[in-house]
Amino acid sequence: MSVLRSFAALVAAKLVAFATAPKRFVVTVQRAIYDLRTGKRTPWDVSKSVLMTLFGFAMVLVLLFPLFWIFTASLAEGTRLFTTSGIFPDPSTYNLGAYRWVVFESDFFFVDGDWGYPQLVLGGSGGLVSFRWAGTETGPGAVFNSLYIVSVTLAAGFGMIVPAAYAFSRRKFVGRKRILYGYVLFTQIGAGLSIATLVALYSLFSSYGLTNNLFVLGLFYAASAIPFNTWLLKTYMDNIPVSYEEAAMVDGASFLDTIREVILPLTKPGLAVVLIFVWLAGWNEFIIAQTLLRPENYPLSVELYNIATEGRFSTPWTRFAAFANLFALPVAIVYFAAQRSVEDGLSFGGMEG
Amino acid sequence: MASSQLDAGDGLSRLRSALPFSGRDWGLLLVIPGVVLFSSFMLYPIVYLFYISLTDATFAGSVIGGGAELIGLENYVQLLGDPQFWSSMSTTWLFVAVSLVVKVFVAVGIALLLNHARVVGKRYMRAAVIVPLGFPGIFTITVWRGMFSDARFGVFNTLLGRYNDVMSSLSAPQVLLFDVPIGFLSGRWEAFFAYVTTEVWLAYPFMVIIIVSALQDVPKSLHEAAMVDGAGWLQRFRTVTLPAIKGPVLFASILTAATSFQQFLIPWVFNQGGPARKNELIIVYGYREAISFNEFGLSAAILIVAIAFVGLFMLVAVRYGGLAEGVGEE
């Protein structure tokens, strides 16, 4: 719970910072005007700053143009997107029809958007009072499959990455160098490799009877995330001075205490990055999922791909956009909240300079 | 309490002495689960893939059912004589090289601008600019396909049309105008251009993050000292900034180049490596041979070659790029 609370606090702090940004901006402008009046800065100096800022802002707009475009597209259900009227749909036609389609008609939450209703069943088979989701004859939708896969990936990934990173960073053991070297070699081969081995994977999974198994798929994604993230976390832990642990030991802390009180708190930014990357490994992949799973087990990524390729040249853009926005939303929120940690955690310690 | 701990300690030491490796090696136990999982899902399939590449398997069933026979290196020989293989290989390398160069320039430019003292609100801009990293590839790549639509009213074609209007109203020469609509996905080089643009857009956030964090470690006093000495912007860039970001840029280049080499989604979503198989990057080529043409053996051979290339590239990069710097220290 404390994790949730601190996460909520983080998001709130971010929102406050963003909400008060205009005020700070006004203060900056006022100060510039004051400096101009009192002659502390020359007009040329100030206009250089203004130009650079405008340039930076324009660049951000250009870079984020695709995302802005797809967001406006998601609001334009029922209109034709590619017309003479321009790139962006007419704001007067904005509506939430596409989102309604995602929630109540697509397979996002429940198959065919059939939500049903929760039902209390007295004296049912599962204990005295059991709680049942009734009315959905079609069953749970893609989001549950995705969440299931991601939970397995996160549990397996964290359970293996964190201890291994600690061991690589702090312990000496036989084969340490060799294994680490192998991991570094495989860092960048994760996702691409799984497509390359798809042919073999399909045969292997079939012969072991593991196709159409969400649990095994989750494990598979964890496996693909191990080398890069173990290495990332290890380099992050390397930057924590060993003297901290020694000091704690001198004060009578046990081995487990040093991990709980020193290592884990100081590794938080690194853990945040690993959390995001492992999450993404399970949340985004779709080719392996599409090959190994049957339609009733498709996660959101596969459903999204199916919407995108429904017709070779006629992607239903508004529905695709709404579906994709809802699909990317959780990741975007986590990412937004942890942005500072991502920047810190990705700095790769020793790689600088 | 104390005695029970002692007992446990005794048990542990007895256990340790029974193990084949010395007591200090227990760190290995923390690493093994990951290695096992990784090997069984990643390394084992590669070995199996190599086995398939030595057979004449034509479809998944023949691999599983054992209907395929070992034919040695025949697939590889066939591969060397396949013009599509060479075309695919060279396109892939070109794709990696071009996108890498563009990526480095774009990312360094963005990082320098968003770390510049004169830019107000650069922290917010940085937060916004790295957002593409957080979105699923299938989402962003499909969006880019929509923007590069061949249609007359596709996003980029509309933009180019507007540009044409402006230019011709300024009575600019015909050379500066574009011949709209451009078939971004149906022309060979137009499609290649679209791939590179998208790849750069997907990879720049990672580079920007790494470069910015390197730039922030450069002490301000260094810049000030250089300015006092009368060094111009270019000179300061060369003597202060460049040495600071050289390592991180090289590092990020190695990582993104290896990913670009295995780029699958962009060509696949855009036009499946078309037109007429001209832009099939190597993984797409291998995937198509298996899925569309039922040549599992040949496909396996292609993919093994691709994996070997990436492995070799990473080996060289790790050895000479100092990627595994932290590994050697003991």
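**Close-up views of a two-chain predicted model**

**View 1. A mostly covered helix in chain A.** Helix α15 (residues 300-308) of chain A has 8 of its 9 residues buried, so it is mostly covered, where buried means under 20% relative accessible area with a 1.4 Å probe, protein chains only. Among the buried residues of α15(A) are Leu300(A), Val302(A), Tyr305(A) and Ile307(A). Helices here are DSSP runs (H or I, at least four residues), and strands are runs of E of at least two, numbered from the N terminus. This is a predicted model, in which local features need pLDDT of at least 70 and side-chain atom pairs count only at pLDDT 80 or more, while totals for chains, interfaces and linings use all residues. Residues are numbered from 1 along each chain as its sequence is written, and side-chain values use heavy atoms, without hydrogens and water.

**View 2. Chain A as a whole.** Of its 353 residues, 51% count as buried.

**View 3. Where chain A meets chain B.** Here 110 residues of chain A are in contact (heavy atoms within 4.5 Å) with 106 residues of chain B. The area buried between them is about 9600 Å², meaning the accessible area (1.4 Å probe) that the two parts lose on being put together, summed over both.

**View 4. A salt bridge across the interface.** Take a look at Asp45(A) and Arg118(B), which form a salt bridge with their closest N and O atoms 2.7 Å apart. The term asks for a side-chain nitrogen of Lys or Arg within 4 Å of a carboxyl oxygen of Asp or Glu. The count between chain A and chain B is 1 salt bridge.

Note on methods:
Chains lettered and ligands numbered in written order. Buried < 20%, exposed > 50% of the residue type's maximum accessible area, 1.4 Å probe, protein only.
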